[in-house]
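Please keep the sequence and the coordinates open beside the text.

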Amino acid sequence: MPTPKVWPVAESAWQIRLPLPWALTSVNVFLFRGRNGYILLDTGIRSDDCLLALETSLRSLGVSWSSIKEILVSHLHPDHLGAAAEIRRRSGAPVRMPGREAKLVEPLGPNRKFFAEAAEFLVANGIPADQVEIMRQQAKAGARASERLVVDGSISAGESIEFHGGTLEVVPAPGHSPAQMCFYCPGQRVLFSADAILPRVTPNIGVQWFYQDDPLGDYFKTLAGLEAREVKTVIPSHGRPFRGHREWIANTRRHHVRRCKTILEAMSNEPVDAYKIAGSVWGEDRSLMDRRFAMAEALSHLHYMALRQQVEKVSINGIAHWQQT
Ligand SMILES: [Zn+2]
């Protein structure tokens, strides 16, 4: 039996730390004591280890599967959503998540061609075909950490969710994913920040085939929205609760502005593709997984600058290239 890893983080709210078999070794999910049972926010991945760790922690609080009455999911990444279908089977509780992302996790629907479209997107941004094939296999293995499901309802920005410790206001926080939501409790001044604010690291802000528009622009708006809130404690999905959200936001904003500058400087006179830009900014001596993330991150900065007329995209042999305007 694993040891329970549970901490109270606010009145009638607990953080449960679950193991991940990745470089990122854990994710936090949250339990709120609601009016008629418990609300679970996020689920961990679909794995025996993760589910057993969750069960053990719930049991240490005297909470059984059947006392969970609602499952909320902050965003579509496997460490937040992966076990939702299984927990729904065990508890009978409905699952709700941001509507725009729900469509992407359905077993059928637009997501059906996920791997084909993802591969096309990678090729179109300059990744050599043999590397794309390896990335596709990695992505398939990663996808096993998440069980696809048709969710029971959506979470909307501005919605209020009542629990014993007060009200959770649903705050839109796109950027890290197309429609991530944070949960803010004004009464206790705590912010459940999902992956929008994380201690020590900057969340990955990347362009993906299903999120092409302006993730970095979205993220700057997210930061402005969160900065405006009075927050005593940030409770992130990875790492420990911390204070000083405005300082964190100011640093992170500066980081992305600097990164735009670095990317501009890395661009030569010739048009260059995002994969090469990522290689020169983040280094080529990295795992393919890291290089894919770096390319997505480079693209979010390129899209942001393109929308502000600092760079432009030109297509050369079907591959997107970028140049300064
Ligand atoms: Zn995430």
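## First sheet and its helices

Helices (H or I, at least four residues) and strands (E, at least two) are DSSP runs numbered from the N terminus, while axes are lines fitted to C-alpha atoms, for helices over the stretch in contact, with angles from 0 to 180 degrees between N-to-C directions.

E5 and E6 pair in the parallel sense over two bridges, with Arg96 in E6 as the bridge partner of Leu72. Strand E6 (residues 95-98) is also joined to E7 by three bridges, again in a parallel run, and there Pro98 has Ile155 as its bridge partner.

## Basis of the model

The model is predicted, so that local features need pLDDT of at least 70 and side-chain atom pairs count only at pLDDT 80 or more, whereas totals for chains, interfaces and linings use all residues. Residues are numbered from 1 along each chain as its sequence is written, and side-chain values use heavy atoms, with hydrogens and water left out.

A five-stranded open sheet has the order E8-E9-E10-E11-E12, and its pairing is mixed. Strand E8 (160-163) and strand E12 (233-236) are the edge strands, each pairing on one side only, and the twist averages 25 degrees from one strand to the next. Four bridges join E8 to strand E9 (residues 166-172) in an antiparallel run, and Phe163 has Gly166 in E9 as its bridge partner.

## Zinc site

The zinc ion is coordinated by His75 (NE2), His77 (ND1), His176 (NE2) and Asp195 (OD) at 2.1 to 2.3 Å; donors are N, O and S atoms within 2.8 Å of the metal (3.2 Å for Na, K and Ca), and since water is not among the atoms, sites may look incomplete. The donors follow the spacing H-x1-H-x98-H-x18-D along the chain. His75 lies in the loop between strand E5 (68-72) and helix H2 (78-81), and Asp195 in the loop between strand E11 (190-194) and helix H7 (215-227), so the pair ties together parts that are 120 residues apart in sequence.

With angles of 87 to 178 degrees among the four donor atoms, the site is irregular. Four donors count as tetrahedral if all angles lie between 85 and 135 degrees; four count as square planar and six as octahedral if opposite donors are over 155 degrees apart and all others between 65 and 115, and anything else is irregular. Both His75 and Asp195 are buried, where buried means under 20% relative accessible area, exposed over 50% and partly exposed in between (1.4 Å probe, protein chains only).

Note on methods. Pairing = 2+ DSSP bridges.
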